[in-house]
Amino acid sequence: MGVRETRDLIGRHGVRPTKSLGQNFLVDDNVLAKIAAQGALSAADLVIEVGPGLGGLTRHLAAQAGRVVAVEIDRHLLPALAEATADLANVSVVHADILDCDLASLAGGWTGPVKVVANLPYYITTAIVMKFLEEFPACERLVLLVQREVADRMAAKPGTKDYGSLSVAVQYHAAPRRAFLVAPTCFLPPPEVDSAVVVLEVRRAPPVALADRRLFFSVVRAAFGQRRKTLHNALGGSGLVPGGRDALAGILAELGLPPAVRGEALSMEQFAQLANRIASAKS
Ligand code: SAM
């Protein structure tokens with residue numbers, strides 16, 4: 001669907017885009033095709049689409065995948081969405097909040113690959129991405145249109161300004177790749193931020209061995225919680241390390257890390273070594 005068809009659909013159904021639900025409809029057919037192509041879809045695939053809106057992306061996905069399950073929270077959009085997808089036998093629309101959904105049930109026993117392709121509502125990007133990564137590891141790939149800064153943070157490498165706890169959390173579960181940028185002019189109404197497509201290839205096995213996964217993520221969050229502080233100060237005062245700052249100084253030295261190192265310098269492997277060493281000090 002291009003801009004004219006979308007405007008017609010909006011007019012016929014009296015749709016007024018709701019800002020608080022992140023409703024910026026993508027109306028550039030070339031961009032929609034490029035996003036769907038990142039899914040590398042075939043008839044064997046089931047696609048879960050979050051927020052189909054007026055069905056522009058849904059139509060491209062349905063043409064390439066075996067089945068599309070599209071989860072939309074806003075009941076006001078459902079009549080327009082039903083019209084836009086009326087000729088597509090392989091699309092099911094579920095009226096729900098994606099954050100309340102049981103993802104395995106959405107896939108409903110599909111035996112082939114399951115992928116997610118979506119132009120996400122930006123206000124809950126992180127919650128949606130982490131829900132899929134943590135609760136639905138059977139999902140092979142996520143192709144997501146998100147705010148450009150968030151795409152950069154997901155894919156960031158250690159030592160860069162964008163590297164933070166989101167980078168480590170996403171990269172623990174998946175290999176991210178920023179595919180391309182999408183200008184605000186491709187949307188109706190245009191968002192106030194730049195957008196980018198990020199592709200997350202879900203890992204079959206974790207990249208690091210962890211003694212205590214919860215502790216690992218607590219350590220990562222504490223390390224980035226106060227970015228301007230050294231790791232020694234940020235983590236030493238967090239209550240996570242038995243023996244506090246003194247014990248932590250010894251652990252950092254043992255791991256060959258400089259006393260004034262900051263969290264943003266540590267790779268995933270180094271965070272894993274640190275968290276595993278703290279776990280052994282706790283036991
Ligand atoms: N896919 C359409 C497109 O590309 O034009 C619409 C994308 S728009 C950025 C985000 C969509 O997500 C909206 O249709 C919005 O109503 C829907 N949405 C917002 N929050 C949601 C939630 N918690 N669960 C499911 N859908 C949601």
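This is a predicted model: local features need pLDDT of at least 70, side-chain atom pairs count only at pLDDT 80 or more; totals for chains, interfaces and linings use all residues.

Student: Which domains is the protein divided into, and what distance separates their centres?
Tutor: The domain assignment gives domain 1 (3-202) and domain 2 (213-282). Taken over C-alpha atoms, the centres of domain 1 and domain 2 are separated by 35 Å.

Student: What area is buried between domain 1 and domain 2?
Tutor: Let's begin with the contacts: twelve residues of domain 1 touch 14 residues of domain 2, with heavy atoms within 4.5 Å. Carbon and sulfur atoms give 70% of the buried area, which is about 950 Å².

Student: Which residues in domain 1 lose the most area to domain 2?
Tutor: Three residues together account for 51% of what the domain 1 side buries. They are Tyr 163, Val 168 and Tyr 172.

Student: Which element gives the most to the lining of the second largest pocket?
Tutor: This pocket has a volume of about 210 Å³, and its lining draws at least three residues from each of domain 1 and domain 2. At least two lining residues come from each of α6 (125-135), α8 (165-173) and α9 (213-225). Among the lining residues are Met 130, Leu 166 and Phe 217. With five residues, the element that gives the most is α9.

Student: How do the residues lining the largest cavity divide by class?
Tutor: The structure holds one cavity of 30 Å³ or more, and the largest cavity has about 410 Å³ of space. Of its 31 lining residues, the closest to the centre are Gly 51, Pro 52, Gly 53, Glu 72 and Asn 119. β1 (25-26), β2 (46-50), α3 (56-64) and β3 (67-72) each give two or more residues to that lining. By class, the lining has 19 nonpolar, nine polar and three charged residues.

Student: Which residues are closest to the centre of the largest pocket?
Tutor: The largest pocket has about 290 Å³ of space, with 13 residues lining it. Those divide into seven nonpolar, four polar and two charged. Closest to the centre are Lys 19, Gly 22, Asn 24, Pro 191 and Glu 192.

Notes: Residues are numbered from 1 along each chain as its sequence is written. Side-chain values use heavy atoms; hydrogens and water are left out. On a 1 Å grid over the protein atoms alone, a cavity is a set of points where a 1.4 Å probe fits but cannot get out, and a pocket is an open set with protein on both sides within 12 Å along at least five of seven lines; lining residues have an atom within 4 Å of a point. Grid points are joined across faces, edges and corners, and a volume is the space filled by probe spheres set on the points. Helices (H or I, at least four residues) and strands (E, at least two) are DSSP runs, numbered from the N terminus. Ala, Val, Leu, Ile, Met, Phe, Trp, Tyr, Cys and Pro count as nonpolar, Asp, Glu, Lys and Arg as charged, and the others, Gly among them, as polar. Domain bounds come from an automatic or database domain assignment. Buried area is the accessible area (1.4 Å probe) that two parts lose on being put together, summed over both.
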